[in-house]
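Please work through the following exercises with the structure in view. Each task is followed by a solution in steps.

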Amino acid sequence: DLVTENFRAGQRAQFIAADLEGEYLLGLEKSFHGVVAVEILEHLENPHRFLRRAADMLVPGGHLIVTTPNAGSPVSKARFVREGRFQWFGATERAELGHVTPFTAALLRDALASAGLRLMSLGSFGDARERVRGWWKILLLARVIAFCARGSLDPSGDLLVALAERPSGEGHA
């Protein structure tokens, strides 16, 4: 994290402030067996740089866990078709939450691969319909989109969760 106050692991883990969007890692390369990025990517203008830096921090065989809002959920796609914006990425969310970069499952897969990471697991959780209760047009359109996407492996929950690994070989860029 960049803000000490956000870190509450107590005495079990040491807090290290790191600007992973910056140019340098200050000797943190290949230092960690695990990096967890919960609800970070959507706040960054350059999440690809962040993922490369996170990959650089991992030892070979180290793991990255990342979560981000799922712009590819049927509800989010329905909102895009109807409103021209993904769920969690409107003007209000930009102003109040700082959400600037949406990810679908496909975009997250590509970003992790570009960072030199091997995707081990990708899923989702949460009900994307919670934020649109009572919006019958969005809910109906989301059902149509979900029907058309039957058989797709893309997760449909509100938040994406990915587990990726830095390969043990020197294939990392």
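The exercises below concern strand pairing and aromatic contacts.

The model is predicted, so local features need pLDDT of at least 70, side-chain atom pairs count only at pLDDT 80 or more, and totals for chains, interfaces and linings use all residues. Residues are numbered from 1 along each chain as its sequence is written, and side-chain values use heavy atoms, with hydrogens and water left out.

**Exercise 1.** Determine in which sense β2 pairs with β1 and in which sense β2 runs to β4.

Solution. Helices (H or I, at least four residues) and strands (E, at least two) are DSSP runs numbered from the N terminus. Two strands pair if DSSP finds at least two bridges between them.
Step 1: Six bridges link β1 (residues 32-38) with β2 (residues 58-69) in the parallel sense; G34 faces H63 of β2.
Step 2: β2 and β4 (residues 159-165) are antiparallel, with seven bridges; here H63 is opposite E165 of β4.

**Exercise 2.** Describe the aromatic pair formed by F80 and F86.

Solution. Ring centres of Phe, Tyr and Trp (its six-membered ring) must lie within 6.5 Å; planes under 30 degrees apart are stacked, over 60 edge-to-face, the rest tilted.
Step 1: This rule gives one aromatic pair.
Step 2: F80 and F86 are stacked, with 4.6 Å between centres and 20 degrees between planes.
Step 3: Buried means under 20% relative accessible area, exposed over 50%, and partly exposed in between (1.4 Å probe, protein chains only). F80, at 39%, is partly exposed, and F86, at 22%, is also partly exposed.
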